[in-house]
Amino acid sequence: MNPTRSFAVSSLTAAVLAAGTLASQAHAATTVDLSYNGAPDPDKNAVHVFATNLKELVEQKTDGDIELKLYPNSMLGEEQERMEQTMNSPSLNIASFAGMSPLVPEVFVSAIPFLFDDFESARTFFDEGQYWQAVEDALRERTGVELLAVVEEGGFLAFTSDEKPISSPSDFEGLRFRAMDPSQVALYEAFGASGTPIPWTEVYMALKTGVADGQMNPPMYIIMGSLYEVQDYLTLANIQYSDQFLVGNGAMIDGWDDATREAVMEAVEEANQLAREHNETRVDERIAYLEEQGMEVIRPSEDELAAFREQGQPAYLEWLGEQDIDPSFIDMALEDAGMTHLVE
């Protein structure tokens, strides 16, 4: 072959390869870490259901430009470590109250006990309320973190115990309960019980050995922790809406072009809707499973629920008043929940 022609062909080939490499780099996916609590088990972890749906939808709606890498089981650290990562690096995280409350203690207001009658009222509260918008604004302003969605983690919290069935506040008298945080301690004390903060990983043994007589969690967590082995009674009192929070690094989100940002937010909304539908359909099934394992299920009457509410809410509101929380957040939340009669 003519040396000149050979050089030209080689140069053309090199140019084509280089162009292909550049094009490949231009369309290479951006990988974003998504961390969360709990096992990668769709039967036991509603948060994992949300995360896997979100991964698929984000990759689909961005045409593969963004890929999510899932880190279940707190693989990237415990709650506060993961929030720090979200503040300081381009990542997503599904945080619980333990991760959120040190940054926005106002989030505790959303856990006022017996605030919601059903899923619909809870979802409207978070999707449309002025209080939750104020929480989102506060988090972004203080940390640069964007609050993207409220993720259901298994229904409403229920009381469990092994000493006796609980159907009214007076049944708590003298019992010891595991608490997740100080706000739950305040609630138990309002009913005449004592509350002791115990990490989730130690709850089973605490109940088995009698360190605690009972606890509260949604049915999903009672199954996940095999608590039915050490608890005899399940009281469906709709205590608190069980949720976690999808958050993302604000600078990362701001750095996306409009089309990418819109695609990701569409994916978040769709994944959340799918997770809600999945969660709601499983609630009765989970309660039935706990019955099959030998738990006695107590369904309080309207009057009994009213007694829980009338005794528990004022105590919790008093506890909130002792925290460093602007009272306007409490007023907004009660108004959003249609309970303005409790505003002082």
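Tutor: A salt bridge here is a side-chain nitrogen of Lys or Arg within 4 Å of a carboxyl oxygen of Asp or Glu. This is a predicted model, in which local features need pLDDT of at least 70, side-chain atom pairs count only at pLDDT 80 or more, and totals for chains, interfaces and linings use all residues. Residues are numbered from 1 along each chain as its sequence is written, and side-chain values use heavy atoms, with hydrogens and water left out.

Student: How many salt bridges does the count come to by this rule?

Tutor: Side chains of opposite charge can pair when their charged atoms come close. With the rule applied to this model, the count of salt bridges comes to 14.

Student: Asp43 forms a salt bridge with Arg282; how many residues apart are the two?

Tutor: The closest N and O atoms of Asp43 and Arg282 are 3.9 Å apart. The pair links distant parts of the chain, with Asp43 in the loop between strand S1 (30-35) and helix H2 (46-61) and Arg282 in helix H11 (residues 258-292). Helices (H or I, at least four residues) and strands (E, at least two) are DSSP runs, numbered from the N terminus. The separation of Asp43 and Arg282 is 239 residues.

Student: Is Arg282 buried or exposed?

Tutor: Buried means under 20% relative accessible area, exposed over 50%, and partly exposed in between (1.4 Å probe, protein chains only). Asp43, at 51%, is exposed. Arg282 has a relative accessible area of 13%, so Arg282 is buried.

Student: In which strand is Glu152, the partner of Arg123?

Tutor: The side chains of Arg123 and Glu152 meet in a salt bridge, 2.6 Å from N to O. This pair links distant parts of the chain, 29 residues apart. Both Arg123 and Glu152 are buried. Arg123 is in helix H5, and Glu152 is in strand S4 (residues 145-156).

Student: Why are Asp258 and Arg261 separated by about one helical turn?

Tutor: Asp258 forms a salt bridge with Arg261, with 3.1 Å between the closest N and O atoms. The separation is about one helical turn because the two are three residues apart in helix H11.

Student: With which side chain does the side chain of Gln215 make a polar contact?

Tutor: Gln215 is found in strand S8 (residues 214-217), and its relative accessibility of 0% makes it buried. A polar contact is a pair of N or O atoms within 3.5 Å; within protein, one must be able to donate a hydrogen and the other to accept it, and residues adjacent in sequence count only if both atoms are side-chain atoms. At 2.8 Å, the partner side chain of Gln215 is that of Asn217.
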